[in-house]
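I opened my notebook to look through this structure from start to finish. My entries follow the order in which I looked things up.

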Amino acid sequence: MDKSKVGKIRASAEAHFAECRDIADFMGANPEVGLDNHMAADRIADLLEPKGYAVEKDFKGVKSAFRAVKGEKSMPAAALLVETDALPEIGHACGHSISAAASILAAFIVEDVFPDIPFRVDLIGTPGEEYPGGKVLLCREHAFDDYKFAIMTHMGCETLPDSGFLACNDRHITFRGKASHASDAPEKGINALNAARLYMEAMDMRRQHLPELSQLHGIVEYGGSAPNVVPDRTELNYYYRAKTMKRLNELTAMSDDAVKGACLMTGATAEQEQRYETYADLYRNPVGRKVMCDAFEALGIEYSVSEAFDGSSDIGNVDQIIPCFHPYMAITDENIAVHTPRFEELTHCESGYKGLADAAMSMAAVIGSLGEDAGLLEELTRVHREYREANR
């Protein structure tokens, strides 16, 4: 990217920064959890509509989601994702207030600096990333089927060009047996806790043979009423994670077999319930990584590269459909974790605001690069498609 474009990106970011910072501050002062993000959605609409955006609220029937469109609806489009939810008690310790404002600022920069790219850029408000997964619900309603790619930035303690998110689902498993006095008539009982123990031992024994990055996390939610009563009910709460949806499905099928085996060995029965939406994996597209790194370098933003995988996010569900960019932008040089009160404090200070501007400029640079180089977008799409086809 030539220096003149970089200069224009910086000038546009400066021109629109204050109104986007106000969005971040408003969200920070009025945190909303889950899908109930209407204050944020309304405040963003109040900014966008006077600028010529048509804002569709409760987009695709998803509570407090929105789509903001400016330009010809017949054009191809890219999606700038706007996460609006906060965490209970500690507010925007996830950094979504800064991230949302950065996506809005990026849209303004693209309009100023790259007016002739062959696709429009829509802002898609995605509530409930933490829970219950607003992007999952939007994907189910085919909200992203017609988009070329999607992009957003998450805030953190280091700047990275991409993220490694694992596919994740859950099972709440209830083993049922038959109660009896543990001393007087144990032979008349069926021990649900023994069934749960067999399940847990079976899964632990399989752990060392699982593919790389496959994970199990589980707890006993209820084990019985008293030591002298054979437990007739035991409840387990388990999460499973894997590098791809294909591996996640294999892992949960293994879990189903372990449940059946535990029941067969003890005489218990079992019921299973998935309580949360399945979050799919996010692919680290090498083409996307290079485009993102090039944008950082053009703007003089220091960054590092990581191959680590950490946790899960509903953007992985969007990535099953279209290529997704999910870089991290540092808002501090402190070695602290997100989802902490200290991280929330940083979203209201100068380092947080710098992260907002840097994230917006880098996303705008990526969108501009993909818009001006049709071959680059085609290559991004091809690599993404081949990966997804190989991992179905």
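**Strand 7 and its partners**

I began with strand 7, which pairs with strand 10 (residues 269-273) in the antiparallel sense over 5 bridges. For me, strands are DSSP runs of E with at least two residues, helices are runs of H or I with at least four, and both are numbered from the N terminus. Two strands count as paired if DSSP finds at least two bridges between them. The model is predicted, so I kept to its cut-offs: local features need pLDDT of at least 70, side-chain atom pairs need 80 or more, and totals for chains, interfaces and linings use all residues. Residues are numbered from 1 along each chain as its sequence is written, and side-chain values use heavy atoms, without hydrogens and water.

Next I looked up Ile-173. Its bridge partner in strand 10 is Gln-272. In strand 9, Ile-173 stands opposite Leu-236.

Is strand 7 mostly covered or mostly open? I found it mostly covered: 9 of the 10 residues in strand 7 (167-176) are buried. Buried means under 20% relative accessible area, exposed over 50%, and partly exposed in between, with a 1.4 Å probe and protein chains only.

Strand 1 and strand 2 (residues 66-69) run antiparallel, joined by 4 bridges.

**Loops**

Between strand 1 and strand 2 I stopped at Lys-60 in the loop. Lys-60 is not a glycine, yet its phi is positive, about 55°. Its relative accessibility is 39%, so Lys-60 counts as partly exposed.

His-142 is another non-glycine with a positive phi, about 65°. I found His-142 in the loop between helix 4 and strand 5 (147-151).

Which peptide bond did I find to be cis? The bond from Tyr-131 to Pro-132 is cis, with omega near 10°. Pro-132 sits in the loop between strand 4 (120-126) and helix 4 (134-140).

Ile-321 took me to the loop between helix 8 (315-319) and strand 11. Ile-321 is partly exposed, at 33% relative accessible area. What does Ile-321 touch, not counting residues up to four places away in sequence? I listed Cys-139, Phe-144, Asp-145 and His-384. Contact means heavy atoms within 4.5 Å. Ile-321 and Asp-145 are 176 residues apart in sequence, but their C-alpha atoms are 6.7 Å apart in space.

**The whole chain**

Last, I looked at the totals. The protein chain has 11 helices and 12 strands. Of its 392 residues, 53% are buried. Of the contacts between residues at least 6 apart in sequence, 81% join residues at least 24 apart. I also took the box filled by the C-alpha atoms along the principal axes, roughly 85 × 45 × 40 Å.
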